[in-house]
Amino acid sequence: MKTVMLTYPQTLTSDELRRQPQVLAIGQFDGMHLGHASVILSAVRIAREKGMQSAVMTFHPHPKEVMRKGDYEGYLTPLRDKEDILAEMGVDVLYVVEFNEEFSHLTPEQFVHDLLIPLQTRTAVVGFDFRFGHKGAGNEQMLRSLGGSDMAVETVPPFLLNGEKVSSSLIRGLLKRGEMDEASQWLGRPYSIRGTVIHGEKRGRTIGFPTANLELTDHYVAPAKGVYAVRVYHGEQSLRGVMNLGVKPTFHDSGMKPTFEVHVLDFEGHLYDEELKVELVHYIREERKFDSIDALISQIREDALTAARLLG
């Protein structure tokens, strides 16, 4: 898959775009959940039927981050993670449009006639609740009207799971409550984070449970504080682990920034400066303060056994 970075209007005249007729799925797609997948896979299917290029258009940074409005608390799928998932879906091209103050003022007419049509969008594929243009003035019906004979529009209905519409906002709520099984169902995969292993307090190795302290590579949505059964990807390796997300109240007073610490099961060696992808598979328990180090060690041992059992 090719990724093309666009800045309106500067890069739209670039010869590097190599425009060709395409079927384009449009949306923010933060989360890449089952609802988003239904839109994107529809575009891929239509493109193959028509013998055209399949493409996705998304916007970065997140509009809520730029406009400082709403409940923005980080990304479910930062751009790099989004690229990986889209490539697996069979998308040919990803257009990443820089969302800035100028772009936020585009009218619906400008969005279609100055952006979509010049990219040779023959069919636009959107969700049923798609909005575009300044202050979300445009909807699916307006998109269809503005496209006219130049651009067809396919609207994908809501994706329902157990009778409820799958949405990014509800997934964020599930993560905040530690409801990982439900979040995984809605995402279609376990929630994951990426981080680089940095030097920490090195307390874990003194009590027999060395941990990899992660500095996250992006501004991810932080799930509930607590202990998780996780699957750790290091290069080509897939490893089982147990992760604590929190402030380590046994050793610290309140006010400390939460940390992500992963104890990798059945692993020996150093991971400093290595990048890890961590899937949060199950929520084991909430973080709590222990009366003694021995009590903490006993609980960590139990958590490791629980993680091993849950992960199989």
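Figure 1. Helix H3 (residues 79-89) lies across strand E1, strand E3 (53-60) and strand E4, and runs at about 155° to E4. This is a predicted model, in which local features need pLDDT of at least 70 and side-chain atom pairs count only at pLDDT 80 or more, whereas totals for chains, interfaces and linings use all residues. Residues are numbered from 1 along each chain as its sequence is written, and side-chain values use heavy atoms, with hydrogens and water left out. Helices (H or I, at least four residues) and strands (E, at least two) are DSSP runs numbered from the N terminus. Angles, from 0 to 180 degrees, are taken between the N-to-C directions of axes, which are lines fitted to C-alpha atoms, for helices over the stretch in contact.

**Figure 2. The open sheet of six strands.** The strands of this sheet follow the order E1-E4-E3-E2-E5-E6, and their pairing is parallel. At its edges are strand E1 (2-6) and strand E6 (152-156), each of which pairs on one side only. Neighbouring strands are turned by 25° against each other on average, direction ignored. Two strands count as paired if DSSP finds at least two bridges between them. Five bridges connect E1 with strand E4 (residues 93-98) in the parallel sense, and within this pair Met5 stands opposite Val96 in E4.

Figure 3. Strands of a sheet pair through backbone hydrogen bonds, either parallel or antiparallel. Strand E9 (residues 191-198) is largely enclosed by the rest of the structure, because six of its eight residues are buried. Buried means under 20% relative accessible area, exposed over 50%, and partly exposed in between (1.4 Å probe, protein chains only). E9 pairs with strand E14 (residues 275-285) over six bridges in the antiparallel sense, and here Arg194 stands opposite Lys277 in E14. E9 is also joined to strand E10 (residues 212-216) by four bridges, and these two strands run antiparallel. In E10, Glu215 is the bridge partner of Thr196.

**Figure 4. The largest pocket and its lining.** The largest pocket has a volume of about 1,400 Å³. Of its 43 lining residues, Gly27, Gln28, Pro63, Asp129 and Arg131 are the closest to the centre. Helix H1 (34-50), helix H2 (63-67), helix H4 (101-104) and helix H7 (168-176) are the elements that give two or more residues to this lining. H1 gives the most, with four residues. By class, the lining of the largest pocket comprises 19 nonpolar, 15 polar and nine charged residues. Ala, Val, Leu, Ile, Met, Phe, Trp, Tyr, Cys and Pro count as nonpolar, Asp, Glu, Lys and Arg as charged, and the others, Gly among them, as polar.

Figure 5. A search of the whole structure finds one cavity of 30 Å³ or more, and the largest cavity has a volume of about 40 Å³. Its lining consists of Gln28, Thr58, Phe59, His60, Tyr75, Thr77, Pro78, Leu79 and Lys82. E3 and H3 are the elements that give two or more residues to this lining, and the largest share, three residues, comes from E3. The lining of the largest cavity has four nonpolar, four polar and one charged residues. On a 1 Å grid over the protein atoms alone, a cavity is a set of points where a 1.4 Å probe fits but cannot get out, and a pocket is an open set with protein on both sides within 12 Å along at least five of seven lines; lining residues have an atom within 4 Å of a point. Grid points are joined across faces, edges and corners, and a volume is the space filled by probe spheres set on the points.

Figure 6. Most residues other than glycine have a negative phi, and most peptide bonds are trans. His60 and Pro61 are joined by a cis peptide bond, with omega about -5°, and Pro61 is placed in the loop between E3 and H2. Lys135 has a positive phi near 55° and is a residue other than glycine. Lys135 belongs to the loop between strand E5 (121-127) and helix H6 (140-147), and it counts as exposed because its relative accessibility is 77%. Asp266, again a residue other than glycine, has a positive phi near 55°. Asp266 is found in the loop between strand E13 (259-264) and E14, and it is exposed, with a relative accessible area of 70%.

**Figure 7. The protein as the setting of the close-up views.** The protein has nine helices and 14 strands. Its C-alpha atoms fill a box of roughly 70 × 40 × 35 Å, taken along the principal axes. Of the 312 residues, 50% are buried. Among contacts (heavy atoms within 4.5 Å) between residues at least 6 apart in sequence, 73% join residues at least 24 apart.
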